[in-house]
Amino acid sequence: NPAANTLSGPRGVAVDTAGRLYVADTGNARILRYDPPFTNGMNAVQVFGQAGSFITGVQGVAATNASIGNAEGIACDSSGNVYLADRFFSRVVRYNTPAAPGGDTLGDLVLGQPDLNSGNANQGGNAAANTINRASGVCIDGSGNVYVADEFNHRVLLYIAPITTGMAASRVYGHPDFTGGGANDNQVTPTANTLSTPVSVAIDAVSGNLFVADS
């Protein structure tokens, strides 16, 4: 069974500016936080997605500010906020300073959905600038802008700071516009400006260049 010192199919890790480690524990539908110094087999000190319990690993049935569907990509910004690419609920959730005194593990902001109680792919419709279809990766640049690997829409989305709930992305990679959703922009073969099932994104902090894992 899940415990404070176990994992099941982890898919993502991130480290905040204080050196705290966050792990997307996918098989247990949770995020775990570990504080330094690190030791083999240590216990996590905070859990997200399981109502504070380290011994449950139940996937969220419905999207809420407390539930997690699939914990996939994870990232931390310079303010100590944690971002989760929640693949099952087709969203990216931000947890505001969960490690701060009095911090909690409830989501505070969401991208890809109009609110934290919605979880349909593309909000039940077609791809648009404010929708996501299976968020698999997320990263944040030095200006607080957020990049999301929108896996089943075969694109990467850029959200320009300040980030707000349900906001539209400002830029799309992999398609010429926000309404396209097919792999390789519905072409037979890949080109220099198409994507097919991107699953991870990263920003080079020195150059500002974006890297995409086009699976």
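**Salt bridges, pocket and strands of the model**

Arg-30 is buried, with a relative accessibility of 0%. Here, buried means under 20% relative accessible area, exposed means over 50%, and partly exposed lies in between (1.4 Å probe, protein chains only). The structure is a predicted model, in which local features need pLDDT of at least 70 and side-chain atom pairs count only at pLDDT 80 or more, while totals for chains, interfaces and linings use all residues. Residues are numbered from 1 along each chain as its sequence is written, and side-chain values use heavy atoms, with hydrogens and water left out.

The partner of Arg-30 is Asp-25: their side chains form a salt bridge, at 2.7 Å from N to O. A salt bridge is a side-chain nitrogen of Lys or Arg within 4 Å of a carboxyl oxygen of Asp or Glu. Asp-25 is buried as well, because its relative accessible area is 0%. The structure contains 7 salt bridges. Another of them links Asp-86 and Arg-91, with the closest N and O atoms 3.3 Å apart. Asp-86 is buried at 0% relative accessibility. Arg-91 is buried too, with a relative accessible area of 1%. The salt bridge between Arg-33 and Asp-35 spans 2.7 Å from N to O. Its arginine, Arg-33, counts as buried at 10% relative accessibility.

Rolling a probe the size of a water molecule over the atoms shows where empty space is left. The search used a 1 Å grid over the protein atoms alone: a cavity is a set of points where a 1.4 Å probe fits but cannot get out, whereas a pocket is an open set with protein on both sides within 12 Å along at least five of seven lines. Lining residues have an atom within 4 Å of a point. Grid points are joined across faces, edges and corners, and a volume is the space filled by probe spheres set on the points. Helices (H or I, at least four residues) and strands (E, at least two) are DSSP runs, numbered from the N terminus.

The largest pocket has a volume of about 450 Å³. It is lined by 32 residues, of which Ile-74, Ala-75, Cys-76, Cys-139 and Ile-140 are the closest to its centre. Strand 1 (10–15), strand 5 (71–76), strand 9 (135–140) and strand 13 (198–203) are the elements that give two or more residues to this lining. By residue class, the lining holds 14 nonpolar, 12 polar and 6 charged residues. Ala, Val, Leu, Ile, Met, Phe, Trp, Tyr, Cys and Pro count as nonpolar; Asp, Glu, Lys and Arg count as charged; the others, Gly among them, count as polar.

Strand pairing follows. Two strands pair if DSSP finds at least two bridges between them. Strand 7 (residues 91–95) pairs antiparallel with strand 8 over 3 bridges. Arg-94 faces Leu-109 of strand 8 in this arrangement. Strand 13 and strand 14 (residues 210–214) also run antiparallel, joined by 5 bridges. Pro-198 has Asp-214 of strand 14 as its bridge partner. The hairpin of these two strands has 6 residues between them, and Gly-208 in this hairpin takes a positive phi near 80 degrees.

Several loops hold backbone exceptions. Most residues other than glycine have a negative phi, and most peptide bonds are trans. The bond from Pro-36 to Pro-37 is cis, with omega near 5 degrees. Pro-37 lies in the loop between strand 3 (30–34) and strand 4 (46–48). Ala-161 and Pro-162 are also joined by a cis peptide bond, with omega about 5 degrees. Pro-162 sits in the loop between strand 11 (155–159) and strand 12 (171–173). Asn-122, not a glycine, has a positive phi of about 50 degrees. Asn-122 belongs to the loop between strand 8 and strand 9, and is buried at 7% relative accessibility. Asn-186 has a positive phi near 65 degrees. Asn-186 lies in the loop between strand 12 and strand 13, and is exposed at 63% relative accessibility.
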